[in-house]
Amino acid sequence: MELYDIIFYLFAAITIGSAIVVVNSKNIVHAAFSLLLTFFGVSGIYVLLGADFIAVVQIMVYVGGILILLLFGVMLTNRITNVDIRSGSIQVIPAIIGLAIFTAILFWTMTSTNWKSEKFELPTTTAFQIGDILLSEYVLIFELLGILLLIALIGAASIARRDKE
Amino acid sequence: MKQYFKNTFDALYTVLVGMRITFKHLFVPSVTIQYPEVKPQMPERARNRLFVNMDDCIGCDQCSRACPVNCITIETVKATPDDSPGETSQGKKKALWVTKFDIDIAKCCFCSLCVYPCPTECINMTKVYEFSEFERDNLIYNFATLTMDEVTDKQKKFEEFTAQKEAEKLAAAKAKAEKAKQDAAKKDDKPESKPE
Amino acid sequence: MYDFLVNLVGNNIVAFFIAAALPLFLFILPYALLAVLAERKVSAHMQDRLGPMRTGYHGILQTVADILKLIQKEDLRASSTDKSLFNFAPYLVFMGSFAAFAVLPFSSFFIGSSIDVGLFYFLAISSLVVAGILMGGWSSNNKYSLLGAMRSVSQIISYEIPTAVVVLTMVMITGSLNLHTISDQQTAFFWNWNILGGTLPGIAKFLLIPLMLGAFIIIFISTLAEVNRTPFDIPEAESELVAGFFTEYSGMRFAMFFLAEYANMLAVSFLITILFFGGYHSPLGYLGNTLGVEWLVPIEQFFWFASKGLIFVLIQMWLRWTLPRLRVDQLMTVCWKYLIPYSIAILLLVGLVTLI
Ligand code: SF4
Ligand code: SF4
């Protein structure tokens, strides 16, 4: 076992374990916080794959932004001082069957594909390349996304101001 | 827009002003008194622990009556003529033995009301303020100077004295009665003898 | 650093753990002990008091005694708390604030990980603190905790924007996200520091100075708010919310929140140091270079880095004992109406200047 392997299995275990909690937890807030660990584990695996920029974005956007928003939503819409925020899991058996089929297909693809394997040095950084590509090849899409986000921001601000009619 | 920049400037400037003030205070000598090592100076008429100068106390019970929380307990025994408690420093003659003079300082509210009525100015407030105790009973101060033996002795003496006085009184009364009887007898005799 | 440890220990897994734990035990814990004491001393002297005086000479052992006391304390947990989240929250906060130190270059020799997205990582990993605060506040099942957590999170999220914009400005000037590279660009003397225009050529350097000053003030204010210090301490406002999100905590868990707060203060001070004040570089050149003693240079660098960071921590304390707490609406006004427009304006102007 190399250090790399240990860390990989650690992150994999964190991801899968917390994902199971997300699905099975009866308490929405528990589920949301487990989602944090899932994101965290996934970003760890990104790092191991050499995608450092994506990993950091994963933490920043999902943990720092979306998850917090989600928690705010859960906490503010339910009776906040009551711990009893419950969600049930229904249709467990169909889900398990679906999961089994999906895993089988994945496994079959994994084993039957003739993967090209060659020694390949992992890139130490991806930020420069991503920046380069974003501002050259995909600049139009990038700008469009920027405008979309700006519109969303302005929309949010105008909705928030509406109370003064 | 002008207001906006003025606000910005004011915010930064006033923060700097505040910071200058606190920075100056960093070098102002502190006012803290390191208490057990350095004792604070008590003001002239500070009211703290009570003290009773038993040599001067005449046991008049005025302090006890003045106290709003009844924390002074005084018991006295009258002195017998042959065993005088002496005089106060101002030359007043004492007539009572103070057998018990307890101040429950835990109850005391340091109002100083007991000090003023004292005719001999023997109860007063000192500047001692460190007298905390682990046991509440230790806060009951006994100022009486007599020992238990002496107290019983004085009591006995007083009882003897009163008994003696009573006896004398009784005797006197008896004698008086006797005399009266005799007188009456004489008187009786006289009229009786008159007709004779 | 890591290679050196691998050579020393001979096993890369052990070396890995040592490299991870070394900054914590070598620097951050002693710093936290000192900082808590310094805070009390500074506040005391600013208010014409003396502060702790009993434990050791002028109370220097006070925090050690406090920590011992906290360790001995019973780990209380109110019966209606959400047990697992309640227990986990302090670790998350602690983890988030200490993980930030992984990318900080303490000196050219002592750096946890010189990754190329270091600056970005620093901003991202702080969001773990936000999640931890929310977790602690919610699981305590206490209105003060929840209010404190909510306030804290909304405050941190708002103030992340000016921080990020200023960081973006700096990235534009330095052209790197790697904190090590950013530090190394500001080498030699203090006029190469970014606050004095960095190493830009010609007139651009002088045009940059006022902009950098503005950027520095903005990031200082917004990071101050992010670590929840007065005047931005509405999340733990003692007079309103008892202690905010850690009201229900006691003993060692409380100490963890406390430690995390001080570690956070140091981390953002270091960030400011790296971005604007030359990182670990000496303002006046190195003694080791002039004397020809090479191993002295990293130690000197560490000294400069630590002292620059600690100066900012002291300024944070100074501000804390100077200013009263802001109201919630004032807090949001400062962020959204002042800091963000200014930071965006500075971003644009710096963009223009760098084009010259
Ligand atoms: S000071 Fe006041 S309370 Fe105390 S013993 Fe005298 S009269 Fe009573
Ligand atoms: S008033 Fe003075 S003299 Fe009288 S009993 Fe009290 S202390 Fe003694």
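**Stop 1: colour by confidence**

Start with chain C, where helix 13 (residues 328-355) of chain C has the highest confidence, at a mean pLDDT of 86, and helix 1 (residues 2-9) of chain C the lowest, at 66. Here pLDDT is the predictor's confidence in each residue, from 0 to 100, and helices are DSSP runs (H or I, at least four residues) numbered from the N terminus. Chain C has a mean pLDDT of 80, with 95% of its residues at 70 or more. The model scores ipTM 0.74 and pTM 0.76.

A quick note: this is a predicted model, where local features need pLDDT of at least 70, side-chain atom pairs count only at pLDDT 80 or more, and totals for chains, interfaces and linings use all residues. Residues are numbered from 1 along each chain as its sequence is written, chains are lettered from A and ligands numbered from 1 in the order written, and side-chain values use heavy atoms, leaving out hydrogens and water.

**Stop 2: two helices in chain A**

Select helix 1 (residues 3-24) of chain A and helix 2 (residues 28-48) of chain A: they pack at about 155°, axes 8 Å apart. That's why helix 1 of chain A and helix 2 of chain A are roughly antiparallel (angles over 145 degrees). In contact (heavy atoms within 4.5 Å), residues of helix 1 of chain A including Phe8(A) and Phe11(A) meet residues of helix 2 of chain A, among them Leu35(A) and Phe40(A).

**Stop 3: ligand 1**

Now pick ligand 1, surrounded by 14 residues (a heavy atom within 4 Å). The closest are Cys67(B), Cys108(B), Cys111(B), Ser112(B) and Cys114(B).

Key
Axes fitted to C-alpha atoms, helices over the stretch in contact; angles between N-to-C directions. Parallel < 35°, antiparallel > 145°, perpendicular 65-115°, else oblique.
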